[in-house]
Amino acid sequence: MSESRKLEEFLRTDPRDVGCDDALAVLHVYVDLVAAGQDAAGRYPGIAAHLAACGPCGEDFTGLLLAVTGA
Amino acid sequence: MPVQNLDEESSAWLRRLSADSRDRAAAERDLHAKLVRIALAEVRRRQSRTPVAGPELDDLAYQAAADAMLAILAKLGDFRGESRFTTWAYRFVILEVSGKLGRHYWRNPPVALDAAQWERLPDRLGLDPERHAEAAGILAEVRRVVDEELTSHQRRVFIAIVVDGIPLDALAAELGVRRNAVYKVIFDARRKIRRALAANGYLAEPGREQR
């Protein structure tokens with residue numbers, strides 16, 4: 001197997017991925033858990049899978065987390 | 001449905017923003033100021049990844065804060081206390097920033113829709129023909145799947161996002177669809193391409209690909 005890591009990352013899909021609509025619907029809940037140091041990914045594995053794979057939703061997650069933590 | 005078990009700060013926001021509150025105007029000013037601060041910080045955080053720049057970027061932030069404020073007040077009754085009030089409210093402004101950056105992309109787009117810059121695909125996928133002996137075969141198989149297994153809509157979305165590098169939110173805005181619709185097309189295309197590469201021996205293992 002000689003394909004690049006970039007190709008492998010691009011092709012990787014997670015069956016738990018819930019998609020953008022479901023992830024954004026509870027993004028505030030997920031972010032509060034992360035900000036509180038709780039196991040958000042454990043409680044919402046489908047959200048975690050999506051945020052890891054979707055660039056725009058990942059950006060929204062990072063932006064909201066920064067907003068609530070004041071970083 | 002009443003909101004229960006709220007933290008003190010969230011309760012105070014709801015009380016101050018309620019229709020019969022004498023403090024409502026001041027509360028709206030306070031919340032709007034926070035939304036503006038967050039929107040400005042967010043557009044600056046993202047400015048290296050958007051063609052929107054300068055005063056237009058600040059204008060976009062102020063518009064996002066104003067639109068978020070309207071949405072928050074209109075949906076105040078939807079808040080169920082699943083998170084802190086401010087986290088729920090700030091979500092609106094973050095999503096407004098994303099949506100507006102997507103729409104503003106087309107005012108000065110670095111890449112036109114349907115440019116189909118296939119020569120960029122090796123770089124997009126991290127394939128260097130000089131370092132990867134199978135790169136030509138992989139690229140040909142990707143192109144075959146795109147040409148033969150995707151619908152015309154799926155093909156257009158794939159080329160825009162993966163080949164031409166157009167931001168997903170910008171394409172969603174241009175096509176008049178939700179972000180999720182574009183994401184799903186790319187998700188399905190990735191599965192098809194992975195299956196094809198595995199079937200032709202370019203990938204050692206299929207990995208997880210069921211959804």
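# Chat on chains A and B

Student: Where does D114(B) sit?
Tutor: D114(B) is in the loop between helix 4 and helix 5 (121-124) of chain B. Helices here are DSSP runs of H or I with at least four residues, strands are runs of E with at least two, and both are numbered from the N terminus. The model is predicted: local features need pLDDT of at least 70, side-chain atom pairs count only at pLDDT 80 or more, and totals for chains, interfaces and linings use all residues. Residues are numbered from 1 along each chain as its sequence is written, while chains are lettered from A and ligands numbered from 1 in the order in which they are written.

Student: What about phi of D114(B)?
Tutor: Near 70°, a positive value in a residue other than glycine.

Student: Is D114(B) buried or exposed?
Tutor: Exposed, with 10 other C-beta atoms within 10 Å of D114(B). The cut-offs are 20 or more such atoms within 10 Å for buried, 12 or fewer for exposed, and partly exposed in between, with C-beta atoms placed from the backbone.

Student: And phi of A116(B)?
Tutor: Near 50°, also positive in a residue other than glycine. A116(B) lies in the loop between helix 4 and helix 5 of chain B and is partly exposed, with 15 other C-beta atoms within 10 Å.

Student: New topic. Which residues touch the most other members of the largest nonpolar core?
Tutor: A39(B), V93(B), F158(B), I161(B), L171(B), V182(B) and I186(B), out of 75 residues. A nonpolar core is a set of buried Ala, Val, Leu, Ile, Met, Phe, Trp, Tyr and Cys residues joined through C-beta atoms within 7 Å.

Student: Where does that core lie?
Tutor: Domain 1 (8-107) and domain 2 (118-199) of chain B both contribute residues, so the core lies between them. The domain bounds come from an automatic or database assignment.

Student: What does I161(B) touch?
Tutor: I166(B), L168(B), L171(B), V182(B) and I186(B), leaving out residues up to four places away in sequence. Contact means C-beta atoms, placed from the backbone, within 7 Å.

Student: How many residues of chain B are in contact with chain A?
Tutor: 42, facing 32 residues of chain A. Helix 9 of chain B gives the largest share of that side of chain B, nine residues.

Student: How many helices and strands has chain A?
Tutor: Six helices and zero strands. Of its 71 residues, 46% count as buried, and the C-alpha trace of chain A spans about 45 × 25 × 20 Å along its principal axes.

Key. Two residues are in contact if their C-beta atoms, placed from the backbone, lie within 7 Å.
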